[in-house]
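Visitor: I have a new model open on my screen. Could you help me learn to read its surface and its helices?

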Amino acid sequence: MKRLLFLLSVSFLMLSFETFSQVYTDQWRFGLGATYPRLIGTDAGGKEFNISGYASLQLDMSEHVGLRVKPFYTHLESQSAKKSTSDLFGLGFALNYYFIPEYSVVPYLSFGLAGFAQKMNDPVDGKAETVLDYSTDLGFGLVFKNLIADNWDLNAEISYHSMTNDRLDGTNGLIGGMLGGRRDSYMNFGLGVLYNFGFGPKSKFFPGADLKDKTPALIDRYPVYANSWEYGFGFLYPRFAGTDELGQEFGYGGYAYISKKFNEYTSIRLKPSYAHMPGSQKGQSTDMINGQIDVLYKFLPYEPVTPYIGLGGSLYGYAVNKPTTLSIKDGEWQLDYGFNLILGADWKLFDESWSLTTEVAYNTVSHDRLDGLIDMSSPVGGFLGGPYDSYMTFSAGFNLYLDRGDKATGIPVYDGLKIAKDQDLVSKDDKGKDKDKDPAKDDKPSGNYEPVDYAKIEEIVKKYQSDPIDYNKIEDMIQKYSGKDQTQSWVLYGVNFDFNSAKLRPESYPILNHAAQILVSNPGMMIEIGGHTDAVGSESNNQPLSERRAEAVKTYLIERGVDGARLTTRGYGSSVPVADNGTAEGRAMNRRVEFKVLN
């Protein structure tokens, strides 16, 4: 029975992933739910049957990114000698990144901070009291869209919360959470509902968009410049993380940086900074001057909020004031190096010339004296293990262009429609043969076909067509020939398909999007969509393949708002070539789609 339930659950999940749902450029979400919390990185360990609840309000600032505010209550019980408990009353802030927003089941990653009042009851160490504290939160979740009702989603999430104290379980000790050090942590397993409201325009980069909507494209709203230079500055809040001493609050620091952007996604950054971190004892502290070099990767450069990750190294000088270990000289500066792991986000909310940035960095150093205490036998260390110290920084600042390069043009587009699985397109008598062969993979034994040189495509168009099509003047061409000459065809070069498949390739969508806009603006026009293949393979396979490709284009146009009653399809196979099938470039031109105006 358990196996059956498991298989049914997996089958339901897989089917859900194959279903599309509407995506909006922005919207609001309100949520309510319950969670099951459990102490996980603590000295005393946790008991079962803890309780927790939450409400949430989220603004989705783009198709992929949402900013969430989440008030919560959490009750945790430990297995300490006194059965200590903790009650947390808090407010969390998180940035959620949705991987595939067009599907009915959407996985997401969440990162944020939470501030709370922690009431400690019957602690083993210290006294029963209420203190203010905060945590660093990391979560992974799933949104099941419209599973409950229209605009009502089911939300499941697992989250990890790393505290900044060692008293969550009522016991002080050396065991800590995932981020190292002696700080406690807990996990949450949550289930709730989301109500969606306040919808913005339908996204043009996913199914169901309104072609009459005049909202500018992402690249126009938030332009990005590749091959450019940036600089920035800001403030940072440092805190010991994986150290023997816990340290205290109210550290401070600042930074500046200069960055070279190789393209819209990847850059290298030089970032000098200063940090002052208070120690555990009165008057104890560490001062650090850091020079770090990081490589950054930005996930969504064209959206208003751009999450990024980074990896790098540091060379720094530091001095410990009033160290606990006597072998460390008071106030003496020393040189060392470290390793950096970075997670951040750029916020392009006001002007294209500058943006805000928020970042959290985890820094593991190469020694055990950053906190003023050397204990190489201690199990307490950083994220990478061992006794070496580490610290975290939370920073906020400004980014500005120093020198703009070329404007990037890589717009994300609708990912297409699967009309049929590739293997379904191969007839039984043709399996094992070469059919509609990918010209980039043509080999010598199958006809001495050379690889495609796509730079020659435009020359082929000019050679085989007396009036090469300018896609910016397609509407004028249709108006000229509509109703006058039914033999005139609108040839869509650049509408490409996967090898031996009716799945449209991404480079086809800008061309078809333009075609759809023209057809919507000319509602009386009747069109025949003709699919064509090259001469490679048998006609018994090429004919149905051309029909399926024509149907794929029709389905896409309907998705873009064109009335399906105005569209007919026909497959011509390889019977109407426009170029030489003896060359790779010619065969690429023959694999095409044509629109014929019928009225």
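Guide: Gladly! Strands (E, at least two residues) and helices (H or I, at least four) are DSSP runs, numbered from the N terminus. This is a predicted model, in which local features need pLDDT of at least 70, side-chain atom pairs count only at pLDDT 80 or more, and totals for chains, interfaces and linings use all residues. Residues are numbered from 1 along each chain as its sequence is written, and side-chain values use heavy atoms, without hydrogens or water.

Visitor: Which strand gives the most to the nonpolar patch?

Guide: β9 does, with three residues. β9 (228-240), β11 (266-278), β12 (285-298) and β16 (390-403) each supply at least two.

Visitor: Where is F262 placed, and how exposed is F262?

Guide: Buried means under 20% relative accessible area, exposed over 50%, and partly exposed in between (1.4 Å probe, protein chains only). F262 sits in the loop between β10 (252-261) and β11, and counts as partly exposed because its relative accessibility is 47%.

Visitor: How many residues of the protein chain are there, and what share is buried?

Guide: The protein chain has 599 residues, and 51% of them are buried.

Visitor: Which residues of α5 are buried?

Guide: They are Y509, I511, L512, N513, A515, A516, I518 and L519.
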